[in-house]
Amino acid sequence: MNFRDIGARQLDSIKNDIEIGETEDSSYLLNAATKIVNALGGPDSTHFDAYIRQTVGSLKDKVISPELAQAINSLNAPVCTTNYDTVYETVNNCRHTTWRDIRSMRRALVDTNNDTVVHLHGVWEDPESIILTNSDYSRITTDQGMEAARSSFGLLRTIIFIGFGDGLTDPHFTTLWKWLESLASGATHYALCRSAESGSSQDLATASTVIKVVYGNKFEDLTPFIQSLAPTREKRDGKSESIDDPGVVFRVARTSCAKIIDLLADSALIQARDESTLSDLVVDPIFLPTPPEVFSREKLQNESLAELNASLEAVTAQRLVIIGEEQSGLTTSLRWAAIRCSETTGLIPVIVDYPSLAAGVRSIHKEIRRYLRARSAPLGNKDEIPFNRICLYLDNVYVSDNHDILQRVVTELESAGISHVVFGCRPGVELRITQIYEQLGVLPKLAYLGPIGKSHATELARRIDPHQAPDIAERVLAITRKERLSRTPLAVILLIVGVSNDDGWINAVSNTTFVDSFVDSLLGRGKIRDDMRSQVDSAGYSRVLEALSRRLISDDSASIDRLDLIIFLRDLVHTLDWSERPDLLVNDLIQKGLLVDRGGQVFFRQSAYLYIFAARAAVRDRDLLLRLRERPLYYAQIIRHYAALKRDDEELVKWAFDWIKKVDQSNPPRSGLFGSVTNAEIERDVQGFDSLVDEESLPEPLTGGLEHEYSSEKRPSSQEPGRDIGDGNASDDSGREEGSSNIKIRDFAIQIGPSEDDIVIHDVNPFPSTQLENAPIDIQLTGLISLVSNILRDSELVENPSLKEDMLSATLSAWGRYMDVVHNSEELRSMIETVVEAISEALEIEDETRREELAVNLADAWSMHSSYQGISEELSTRKLRNALERVEAGSGIESEVYRMIPLYMLDYMHQKKFWGGNFSSYLIENSSIRAVRIFVRVYVRTEYINLPPQSPTLGEIENLLVDFFMADVARKLTSREKGRIASKYRQFLQKDRARSRALNSVRGPTLAIKP
């Protein structure tokens, strides 16, 4: 298609616009361009692509005025053009970039050694980058990426406009100037023009800061004029400007910040919305005054203990030491602090890798000089370094056998008089740094990097999925707790990426899926260099770690001597016929963060890593699996990961079923939670109803004021009361340190224990110290039920429906028994006492009877809810739906309330198919059983509140609540009174539902645990 294909009327309109644009109003040229593009089918059409290639693209090999292009290049300044051709690049043998590659554009603007030309309006080779029409120019002011590109011009002090025609009315200039004007204020810019153009009356008022400079009478005078501007050798050596000039300091500081931003963007695992903005690249680090585990422990004793203000310390602490474990984000925190300090103080941020410092004297001076020169600082070899204008960051500081090295470096720093000095080091090194500074009479500030908390995790998740960010963050933190993974930025980000890959995973997939993917990410799977043909790839490293985990299990040890490990790997490498050195394999795995060497003993950095690689080994090695099954509670974590990896091991399911049957066949619970409530308790619930007939309002017999936050449509929060009473981790003997409960009492909020952000997860010995297999069945119950539930849930590929049905029935029975065990535990009573004390103090409850009633109701609700949470975390999956329906339809199950309540809970988590028909009559018939009463007033009532008005089951649930309530009061009332009370109670339910839904719309759905 060409102009001959355009209609005569269209062609005349285009010609008229061009004529008006050249003689009267240049904006008409853009109208003409818009019409041409539309006539060719739009910017995405093949016709437009061909048109650009045949016109602008044909200039590629036609070198026009090479002398002018070379003269511009001799200025040693960043070059930007609004042209679409690549003539300049052809002449000077350089590269080009466009506004579509923000990072490359920013580098071209700030790096004086960069030979990349910036095409502000696109380049012909990339038609999508071309800015030509009116709508294209609108993109400049609205596109987020373009806005980031625009901000890069703030790094430039002066702009020289070349070749913009008669005056500054060229449409390319007017649109470009509107784009840049806000950044140009306070600076002077120049436009080169011929003498005939210098007095043009068409100068833009908005371009008052653009001064016209006459280069000659004709266009041929432009090249020699520019050649005269080129810096001489003396100027290029830095003699033309001084680092003492505030403007130079500003430019170098901005250049350094831009390069640090690029480093942050390059290392970011989550794509930033704006790669030029620090807050979009990283979240603020958490600075603690003491090591995280110490801070967490002391926080329990002193609630006023607070985190450090990271932003404040980054700016005000003149001697700061940031301490962090591997993978804690130490380097990122240093870069963050460098940007923060420079933005506030105007100092030039200088980041030096401590291990790269050259030996000998004045190593700091040499490294800083090299660093500043690379950021366009005019520093000769003999020029003084402006130490009072920089903030220095030493990364990866370590203590060598020769302590004098660090002593010498610190002494050099202090003698130089650097304004701000920040050290980044691993735990333990800060002691030596502090010791050296104390000798100099200075006390440095210590800041320990804390774990990622809920707010930070939510912010990170929001960058991937703004709508599901809270749910993703909650799931990720639940995984770190369950698997005892440190909440480092790397761990949290990798888990967030994994969880967000599939919305359905947030609540449905086992943790093994994420841990397995997480360790693969650490090993480098999916990266370009993950190729076994050139080096050991992630699969190869996995095989090494699988072999190591097998060896540790064989030795019944959590660690191995480094020399023994090298010898062991030497044999493995020989078996695999590799050429790699075993000692280098160990170093690689330590560097990747999978292994740790402490005093010559090598072990997995996290117990979860040992578990997952041992599970992978068991998939390949049946003998290893049989060994694990000999001590199922001892190796519970490995076995559950194995089940999730294998998914079709029917023999493992049969083995687990034989084990759980021992619990199912034991004496069923008939007292406690599954016993009948006393007449006195029923009387207490219905007291006052004799006089209710004459009253207009109804008290709340089944509804106190206690509410526990929880969305009934989602998994329960891992901070719910009772989570730490047997969280299914048989090897966890420190879980109760994490206990945190937010209990809402009407408009009060009481926090028991540390908040989520204060909790530090302590990794434990990978295997329990006690022989749990020999303990009584009640003691085994927590680990057993969690493991069996995991195996059943994650074995969905086993082709044996009857086996799954039988095992599910036995597992539900075990969860009911677990519920009763928790209800009768002294541990729960102790926790309840603490909670009741806090509630009573907040609400000023002094009546001892009311306190006792509150304690009873809390114990009832929490014991049941702990099982609900356990079923949700360990067993819940849609793949068991058919088996669940067969269990519910089985004969004799109606008499087993301890099995029916967990069954209804599992049903409640998904489709609620059983919530009708026999469901209501069953609950009413068993209304005297304590567990049934709790289930109705907590779960049934929550479902009633959360159902939408148009739900067909809303009426059924309301009838159930009324009938259940009336089962208690019916025997005390006449027939007439029964009708009136039922009517009033129904009215109360409806009003309470409306009130609760209104509250939920503000703060989210709640699970009402009502005494």
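Mentor: The protein chain has 42 helices and 19 strands, where helices (H or I, at least four residues) and strands (E, at least two) are DSSP runs numbered from the N terminus. This is a predicted model, in which local features need pLDDT of at least 70, side-chain atom pairs count only at pLDDT 80 or more, and totals for chains, interfaces and linings use all residues. Residues are numbered from 1 along each chain as its sequence is written, and side-chain values use heavy atoms, with hydrogens and water left out.

Trainee: Why are α28 and α30 called oblique to each other?

Mentor: The axes of helix α28 (residues 607-620) and helix α30 (residues 636-646) cross at roughly 55° and come within 8 Å. Angles under 35 degrees count as roughly parallel, over 145 as roughly antiparallel, 65 to 115 as roughly perpendicular and the rest as oblique, and therefore α28 and α30 are oblique.

Trainee: Which residues of α28 and α30 meet?

Mentor: Contact means heavy atoms within 4.5 Å, and among the residues that meet are Tyr611 and Ile612 in α28, and His641 and Leu645 in α30.

Trainee: What makes Leu379 count as buried or exposed?

Mentor: Buried means under 20% relative accessible area, exposed over 50%, and partly exposed in between (1.4 Å probe, protein chains only). Leu379 has a relative accessible area of 4%, so Leu379 is buried.

Trainee: Where does Leu379 lie, and which residues does Leu379 touch?

Mentor: Leu379 lies in the loop between α17 (363-373) and β10 (390-397). Not counting residues up to four places away in sequence, Leu379 touches Ile243, Arg369, Leu372, Arg373 and Glu384.

Key
Axes are lines fitted to C-alpha atoms, for helices over the stretch in contact, and angles run from 0 to 180 degrees between N-to-C directions.
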